[in-house]
Amino acid sequence: NTISSPTPSIPIPTSLSTFTSTVSAHNGGLYLLGSESTGAKKVIKFNPSTNTWTTVLGTGTSGYCVDGTDAASCTVKVMDAFVTSDNRVYFTDNGLIRTIDADNKVQTLYGQRRIFGDGGLATSSRINNSKYFDLNSTGDIVFADNDEGIVRKFTPGGNISLVAGNGTTTTTSGVAALSTG
């Protein structure tokens, strides 16, 4: 199977189960935004010299990655993307505007996640949708951020921190709480 284009015989990429769109590439390259069967988005690039596709952004797992994460190792939910004439990739990710820097690391340019502030003062943080909370034995307020798939805690007047979850709402038996949703 091939994609019809001016360049003959571009193979259909096997790393994506569905194509969402082509990416606006101001560098003349061919990029695709698509998803795997999980629905997670990723960006791939065609390399005409090897006649192959390479992942530029995304792992195939939807989630969130911190700034400084290698782009191909980043769990993202890309909604749109473009590539500049100097090969810099810009993309939207869960309400953030982000880019891939010269070291192939993801960096946020604009916005904050709906949840924000782990490690900082609780009064400077954000939560998305908390329905359940309680006081633990050490005086921390512990709460579930239901839409984000995480549990956080804070001491009134103190810092907020992640207790469990990774931003997905799936459950996994036998896996440490900080690596599951």
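A disulfide joins Cys 65 to Cys 74, with the two sulfur atoms 1.5 Å apart. Please bear in mind that the model is predicted. The structure holds 1 disulfide. For orientation, a disulfide is a covalent bond between the sulfur atoms of two cysteines.

Which hand does the disulfide of Cys 65 and Cys 74 have? The torsion about the S-S bond is about -50°, so the disulfide is left-handed.

Are the two cysteines buried or exposed? Cys 65 has a relative accessibility of 5% and therefore counts as buried. Cys 74, at 0% relative accessibility, also counts as buried.

I turn now to Tyr 64. Tyr 64 lies in the loop that runs between strand 7, residues 52-57, and strand 8, residues 78-83. With a relative accessible area of 26%, Tyr 64 is partly exposed, because that class covers values between 20% and 50%.

What does Tyr 64 contact, once its neighbours within four places in sequence are left aside? The partners are Thr 75, Leu 96, Arg 98 and Arg 113.

Finally, the protein as a whole. Its secondary structure comes to 15 strands and 0 helices. Of its 181 residues, 33% are buried. Among contacts between residues at least 6 apart in sequence, 29% join residues at least 24 apart. The protein exposes about 10,100 Å², and carbon and sulfur atoms supply 52% of that area.

Key. Residues are numbered from 1 along each chain as its sequence is written. This is a predicted model: local features need pLDDT of at least 70, side-chain atom pairs count only at pLDDT 80 or more; totals for chains, interfaces and linings use all residues. Side-chain values use heavy atoms; hydrogens and water are left out. A disulfide is a pair of cysteine sulfur atoms within 2.5 Å. Buried means under 20% relative accessible area, exposed over 50%, partly exposed in between (1.4 Å probe, protein chains only). Helices (H or I, at least four residues) and strands (E, at least two) are DSSP runs, numbered from the N terminus. Contact means heavy atoms within 4.5 Å. Accessible areas come from the Shrake-Rupley method with a 1.4 Å probe; for residues, only the protein chains shown count as cover.
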